[in-house]
Amino acid sequence: MKLSVITGTGSFIPSIKKENANFNNHVFLNADGTSFDNPNPIIIEKFKSITGIEERRYAKEEYKASDLGYFAAKKAIEDANINPEELDYIIFAHNFGDVKKDAIQSDILPSLATRVKYLLQIENPNCVAYDILFGCPGWIEGVIQAQAFIKAGIAKKCLVIGGETLSRVVDINDRDSMIYSDGAGACIVEATDKNDSGILSHASQTFTKDEAYYLFFGNSNDKSKDKDVRYIKMHGRKIYEFALTNVPKAMQTALDKSGVSIDDVKKVFIHQANEKMDEAIIKRFYRLYKKPIPEGVMPMSIHKLGNSSVATVPTLLDLVLKGNIENQEVNKGDVIILASVGAGMNINAIVYKY
């Protein structure tokens, strides 16, 4: 059976840096429109202590999510040293499409994957381009789908992108707006006849009975604003508890299917949503195997880049592979885990050997 191997990665980190101090003059309100008791500096310091976020990146006004995806895709194609005309699929994971600065409407016609194919100037009509909506785990799910196409023998090379401009869909009166950022990450997934590296296993789940609307589009916390304009909203505590219960189990399922020992896992790349949450997830994951957490097993980028949804895992992977995160590296033969959780509620994990 053919394995699927990641032959190239790329990421695009927007140039506009927004530090926590930039939020000191924002008017933060509760969901019911009432004011907070504490002043902004205290709100922001508490936010930082929980999420770990010190700053985040926003895209320039002229760039949309498809542009960020294109920039990351170009780097991945160059890294893999392939001819883009040979791509069988372009899979673009996002949640909100292309949103222009100060716009109130998303644009997803044509698809973002189609826009990237256009920007790459790919002429091959057999290169199929489509989008995937799967919450924050969308890029990992795209990689899983690419692997399925390769296993089925209908693809040899796939481009998988995760890109988002969350800064365009946040409610500035909601303190959760400080979490979100913009960015894009991409990879090339190729078929290989070798069995010494590639995707070993995966797990993927969707929970909806009680969890479907933990993340949703809702009105501004400022009740004087237009009710027809919607923003990204979440029930943070419910998401936190859900992730702690279910993400470690999905990671365990994927690892057990791979046949790899927990002792052989060198790195775990978790969706950068919340530092405390990720630390709790990794702690519970290793507790399932009654093992201590290896030092440095979980690279982090949230402190400087914030939560860019589908872009966090591919960006983090690219940064580590390119040696751009201090004291973090992946070497030939290393087994890593990629894992994410987000709107759906969706969870997935991949076990991969380099």
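Guide: The crossing of α5 and α6 is right-handed, a term used when the near helix is turned clockwise from the far one by less than a right angle, the anticlockwise case being left-handed. This is a predicted model, in which local features need pLDDT of at least 70 and side-chain atom pairs count only at pLDDT 80 or more, while totals for chains, interfaces and linings use all residues. Residues are numbered from 1 along each chain as its sequence is written, and side-chain values use heavy atoms, with hydrogens and water left out.

The axes of α5 (residues 236-258) and α6 (residues 275-288) come within 9 Å and cross at roughly 40 degrees; axes are lines fitted to C-alpha atoms, for helices over the stretch in contact, and angles run from 0 to 180 degrees between N-to-C directions. That angle makes α5 oblique to α6, since under 35 degrees counts as roughly parallel, over 145 as roughly antiparallel, 65 to 115 as roughly perpendicular and the rest as oblique. Helices (H or I, at least four residues) and strands (E, at least two) are DSSP runs numbered from the N terminus.

Contact, meaning heavy atoms within 4.5 Å, involves residues of α5 including Ile-239, Tyr-240, Leu-244, Met-251 and Leu-255, and residues of α6 including Met-277, Ile-281, Arg-284 and Phe-285. By class, this contact has 13 nonpolar, 2 polar and 3 charged residues, where Ala, Val, Leu, Ile, Met, Phe, Trp, Tyr, Cys and Pro count as nonpolar, Asp, Glu, Lys and Arg as charged, and the others, Gly among them, as polar.

Asp-102 is exposed, with a relative accessible area of 71%; buried means under 20%, exposed over 50% and partly exposed in between, for a 1.4 Å probe and protein chains only.

Another cis peptide bond joins Gly-344 and Met-345, with omega about -10 degrees, and Met-345 lies in the loop between β12 (335-342) and β13 (346-353). In the loop between α8 (312-321) and β12 lies Asn-327, whose phi is near 65 degrees, a positive value in a residue other than glycine.
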